[in-house]
Every structure is written in structure tokens, then in C-alpha cells.
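Here's a quick tour for anyone opening this structure for the first time. Have the sequence and the 3D view side by side as you read.

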Amino acid sequence: MLRPFHRRLRSEIERVGGTLDKLIGDAVMAVFGVPAVHEDDPERAVRCALRMLDAIADLNQAHPALGLAVRIGVNTGEALVALERGADSEGVVGDVVNTAARLQGVAPVNGVVVGEATWRATRTLFAYEQLAPVPVKGKAEPVPIFRVLGARSRPGVDVAEQPATPLIGRGEELAALQRYYQEAFGEHAVRLVTVLGEPGVGKSRLVREFAGFVDAQLELVAWRRGHCLAYGQAVGFWALGQIIKAQAGVMESDDPWRLPPSWTRRSAPSPATPRSASG
């Protein structure tokens, strides 16, 4: 019973860039941000949890005798990490680990609950239901918890959000982006700009501020965004695919075997009345 369970969950963890920290009986502990930190580690953890639920459903369908059910808890915070651990030591320890275990214990069957830090980091990416705070061992006050209802967007797609704080310390970089935009617009030429920085330094915020600048211009500008994922397979053209689907009006909810309404409504000109077309 445990072998297919462990094997499938390990696959789901590694698929989104996580690390299987330990297996304790029927318990599986995964960590994100160890050994390499990513700016979307909380998102990866929650997406992994949802994939785990799907994996359990698949296992039960393929092997009805298993009758597997899981509870999943996700927490975000600081931890003590031993990158070169021995057989008698833990790899990741700290309050964040203990609290995640407590959240797992109070999660509903075949459900995912997250702590407040995880909720704050991912609330624009997933739909949540706030549950009643629960008392947990080691905490003086009841802990706020949130149940994951589903994803609001596909991986790598930002949901528009108005920043609550002003942009500070990035005026020069923003001015450079604005200058390149004016050059591209005025000269009808392509400008390729690369923004580099450590996770959390503010790259996404800089791009968001630049998008606001473009939206404020008098001319009509088509703004298309795409992301290449840092995990998974066949993601090299992920960004291009997102851009093409946005330009063509293809929604993620569309049937892949049917053309969008905007395409099917168009009628082709008859041979007797030729027309020119551009695309």
C-alpha cells in the first residue's frame, strides 16, 4: 500500500521543484526552498499539495483496494537547514515544520489547509476558504488556517494586483525601461531588455510598475505576458504559448478541440470578391 503512495507523491514533489525530506510511515514531508531558494516557493508548495490530491484520486481509481485518503498541511517560514546531514540528524527543523505538522492534523480528509504566511504569499493565485482558528500544541493563541479551494490561475501567470506600497529605490531601472519603450515606439524597432536579480529583489514589482506606465500612455498598446516555469518538463516555449493564446483570445477553460468563438464567427470572402488580409 505504501510503496505506490510514496512513489507517486515523490514524483509530484520533484515535478514542481520540491525536495522529499523524509518518509515516516504513511507521512510524507516535502520542503520547498531547500537547497535552492525560489521566489515562488509558497506557490509551488500549494500547487504540489493540489497535485497530491489528484494523485491520490488516480491511485484509488487504478487500484480500488488501496482506499487512500490524505490530509495535507502547508506552512511558510524560517527553518534551520542542514544541507549535509547524517543518518542521526534532521534536514529541516524549526517552528515552521512543527506548525505544518499540526496543520496537517487538523486538515479535513482529502483537503489542504495552509497557515497565514502561506495564505498571504499565495492569496491572489488560489481560492481560499478561511476556517475557524485552531489551537495547536506549542502556540499560545489559536492559529488562523485557510482551506485551499483551487487555483485561480495557471502556474507562472500573475493575477493583477495593485501594490499597497510605493516603489522605492528602483527609479533608475524604471526610467530605463520607459526610455527603451519610447525608443521602440518611436523607431518602430524591437528592444530586448533583461532584468536580473536575486529572488525577492523586486523584479516582478518593477515589471508591474512598467506595465502601469504603458497603460497610462495615450496610444493603444497591446500588452502580452508569458512566463517560463523553473520546473517541470517541456516548458521552454511556455511563455510564447501564453502570449499567443492571449493574443488569439484562447482561454484556459476553452475546449482544446474547438476554435474560439472569435474565430468561428468569421466568414471567408467569396472568390468573386477578393480581399486583402493581414495578420
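**Strand 6 and its partners**

Strand 6 pairs with strand 8 (residues 143-151) in the antiparallel sense, over two bridges. Keep in mind that you're looking at a predicted model.

- Strand 6 is covered on both faces. G111 and V113 are buried on one side, while V112 and V114 are buried on the other.

**The largest nonpolar core**

- There are 28 residues in the largest nonpolar core, and the ones touching the most other members are V74, V114, Y128 and V148.
- Who supplies this core? At least two residues each come from helix 1, helix 2, strand 3, strand 6, strand 7 (126-134) and strand 8.
- Helix 2 gives the largest share, with nine residues.

**Helix 1 against helix 2**

- Helix 1 and helix 2 (residues 41-62) have axes that come within 10 Å and cross at roughly 150 degrees.
- That crossing is right-handed.
- On the helix 1 side, the contact is made by P4, F5, R8, L9, E12, I13 and R15. Helix 2 answers with C48, R51, M52, A55, I56, D58 and L59.
- Sorted by class, this contact of helix 1 with helix 2 has nine nonpolar residues, five charged ones and no polar ones.

**A closer look at H6**

- H6 sits in helix 1, which runs over residues 2-15.
- Is H6 buried or exposed? H6 has a relative accessible area of 16%, so it counts as buried, the cut-off being under 20%.
- Not counting residues up to four places away in sequence, H6 touches L23, G25, D26 and V28.

- Some background first: most residues other than glycine have a negative phi, and most peptide bonds are trans.
- The peptide bond from V34 to P35 is cis, with omega near 5 degrees. You'll find P35 in the loop between strand 2 (27-31) and helix 2.
- N110 isn't a glycine, yet it has a positive phi of about 55 degrees. Look for N110 in the loop between helix 3 (95-106) and strand 6 (111-114).
- H188 isn't a glycine either, and it has a positive phi of about 55 degrees. The place to look for H188 is the loop between helix 5 (171-187) and helix 6 (203-215).
- How exposed are these two residues? N110 is partly exposed, because its relative accessible area is 39% and that class lies between 20% and 50%. H188 has a relative accessible area of 74%, so it counts as exposed, for which the cut-off is over 50%.

Terms used:
Residues numbered from 1 in each chain as written. Predicted model: local features only at pLDDT ≥ 70, side-chain atom pairs only at ≥ 80, totals over all residues. Heavy atoms only, no water. Helix = DSSP H or I, 4+ residues; strand = E, 2+ residues; numbered from the N terminus. Buried < 20%, exposed > 50% of the residue type's maximum accessible area, 1.4 Å probe, protein only. Contact = heavy atoms within 4.5 Å. Axes fitted to C-alpha atoms, helices over the stretch in contact; angles between N-to-C directions. Left-handed = near helix turned anticlockwise from the far one by under 90°. Nonpolar A, V, L, I, M, F, W, Y, C, P; charged D, E, K, R; others polar. Pairing = 2+ DSSP bridges. Core = buried A, V, L, I, M, F, W, Y, C linked by side-chain atoms within 4.5 Å.
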